[in-house]
Amino acid sequence: MKKNIKQILSVVLAVIMFIGIAPATGINLVPSASAVSGTCGENVTYDYDEATAVLTISGSGAMTDYLYYNSPWASHRDEIKKIIIGEGITSIGDYAFFGCHAAESVTIPDGVVRIGKFAFDDCSGLKEVVLPESVRYIEWYAFAECTGLESINIPYGVTEIDKYAFYETAIKSIVIPESVKRIKWFAFLDCKNLADITLPNDLESIGEDAFRNTAYFNNEANWENGILYLDNYFINASTDITSATLRPTTTMIADNAFGFYPKLESVVIPSSVEKIGDCAFMYCKNLKAVTIFRQA
């Protein structure tokens, strides 16, 4: 019994002595902010340093595709300030950084080919994103609701801008490269600061309301007789329009351009038009005459 008591007293004394000398020896007994780490792809890992609020993605290949808030760092989404994606990553997963409101910067290396669905949706703290030339796919809602995002580039090689890709961002200007053939519906919807838009010459389609409620859309000076053009593309019309004669340089009518326009009665389409978009005249119940001139 005495032996057991002696052992217990020895342990207690050792602890007391350790606590007493710890400050003098520089040993920090206060727990430091923990680092959260794990896997987020077959050959991809993540490390979140709570002390610096930096999330680093490392490895090679594709990140895991997630759904809503089930990424392994989702519980820290209101704390992460910086996102670093390392060399070797090829695909940024669906919902990867969804709702990371506090994130102020993201580093995306050359080699990334795909920006997944909702990948940066609702990252309202981002102000600028630089996409590498390797990017080929910008999927739907990729940067939607990044309400602080003022500047982003679209690399040459991207062929399609998916639906709602930049919905409700603060971008002021955009240059869409010649490689892009399709702009899906609502791609730039509600980008209220977007006034300067450069489109490629050989677009195959422009989706419904792709540029509605942008600064360009809301500028009355850009409208001609109830018609809104972007370069040689007819993209929207006034809902009160009763007749329309498209200008002679028009090459495309966007999807749903006249859709659900009950007052429209007649349209004149010049020979320059090469493509009439899907549902361009859907539910125009009073439309009586459509004149289409043929090329000589």
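Student: In what sense do β18 and strand β19 pair, and over how many bridges?

Tutor: Keep in mind that this is a predicted model. β18 and β19 (residues 233-237) pair in the antiparallel sense, over four bridges. Two strands count as paired if there are at least two bridges between them, so with four bridges β18 and β19 pass.

Student: What makes β17 and β18 a pair?

Tutor: Two bridges join strand β17 (residues 223-224) to β18, and the strands run antiparallel. The cut-off is at least two bridges, so β17 and β18 qualify. For one of the partners, look at Glu 224: its bridge partner in β18 is Ile 227. β17 and β18 form a hairpin with two residues between them, and Asn 225 in the turn has a positive phi of about 50°.

Student: What makes the phi of Asp 231 worth a look?

Tutor: Asp 231 has a positive phi of about 55° although it is not a glycine. Most residues other than glycine have a negative phi. You'll find Asp 231 in the loop between β18 and β19. Tyr 141 is also not a glycine, and has a positive phi of about 60°; look for Tyr 141 in the loop between β10 and β11.

Student: Why is Asp 231 called partly exposed?

Tutor: Its relative accessibility is 41%. Buried means under 20% and exposed means over 50%, so Asp 231, at 41%, falls in between and counts as partly exposed.

Student: And why does Tyr 141 count as buried?

Tutor: Tyr 141 has 18% relative accessibility. The limit is under 20%, so Tyr 141 counts as buried.

Student: Which way do the residues of β18 point?

Tutor: Ile 227 and Tyr 229 point one way from strand β18 (residues 227-230), while Leu 228 and Leu 230 point the other way, and all are buried. In a regular strand the side chains alternate between the two faces of the sheet.

Student: What is the order of the strands in the open sheet?

Tutor: Five strands form it, in the order β17-β18-β19-β21-β23, and the pairing is mixed. β17 and β23 (275-276) stand at the edges because each has a single partner strand, so one side of each is left without a neighbour in the sheet.

Student: How do you know that Met 252 is buried?

Tutor: Met 252 lies in strand β21 (residues 252-253). Its relative accessible area is 2%, and buried means under 20%, so Met 252 is buried. Leaving aside neighbours within four places in sequence, Met 252 is in contact with residues including Leu 203, Ile 206, Tyr 233, Phe 234 and Lys 275. The C-alpha atoms of Met 252 and Ile 276 are separated by 5.9 Å, though the two are 24 residues apart along the chain.

Student: Why is Lys 163 called buried?

Tutor: Lys 163 has a relative accessible area of 18%, and under 20% means buried, so the word applies to Lys 163. Lys 163 sits in the loop between β12 (160-161) and β13 (173-175). Not counting residues up to four places away in sequence, Lys 163 touches Trp 140, Tyr 141, Lys 184 and Trp 185.

Student: Is Glu 139 buried or exposed?

Tutor: Glu 139 has 16% relative accessibility. That is under 20%, so Glu 139 counts as buried. Beyond residues up to four places away in sequence, Glu 139 touches several others, among them Asp 94, Arg 114 and Asp 162.

Student: What lines the largest cavity, by class?

Tutor: Nine nonpolar, one polar and one charged residues. Among the lining residues are Tyr 68, Ser 71, Trp 73, Arg 77 and Cys 100. The volume of the largest cavity is about 40 Å³.

Definitions and conventions
Residues numbered from 1 in each chain as written. Predicted model: local features only at pLDDT ≥ 70, side-chain atom pairs only at ≥ 80, totals over all residues. Heavy atoms only, no water. 1 Å grid on protein atoms, 1.4 Å probe; cavity = no way out; pocket = protein on both sides within 12 Å on 5 of 7 lines; lining within 4 Å. Points joined across faces, edges and corners; volume = space filled by probe spheres on them. Nonpolar A, V, L, I, M, F, W, Y, C, P; charged D, E, K, R; others polar. Buried < 20%, exposed > 50% of the residue type's maximum accessible area, 1.4 Å probe, protein only. Contact = heavy atoms within 4.5 Å.
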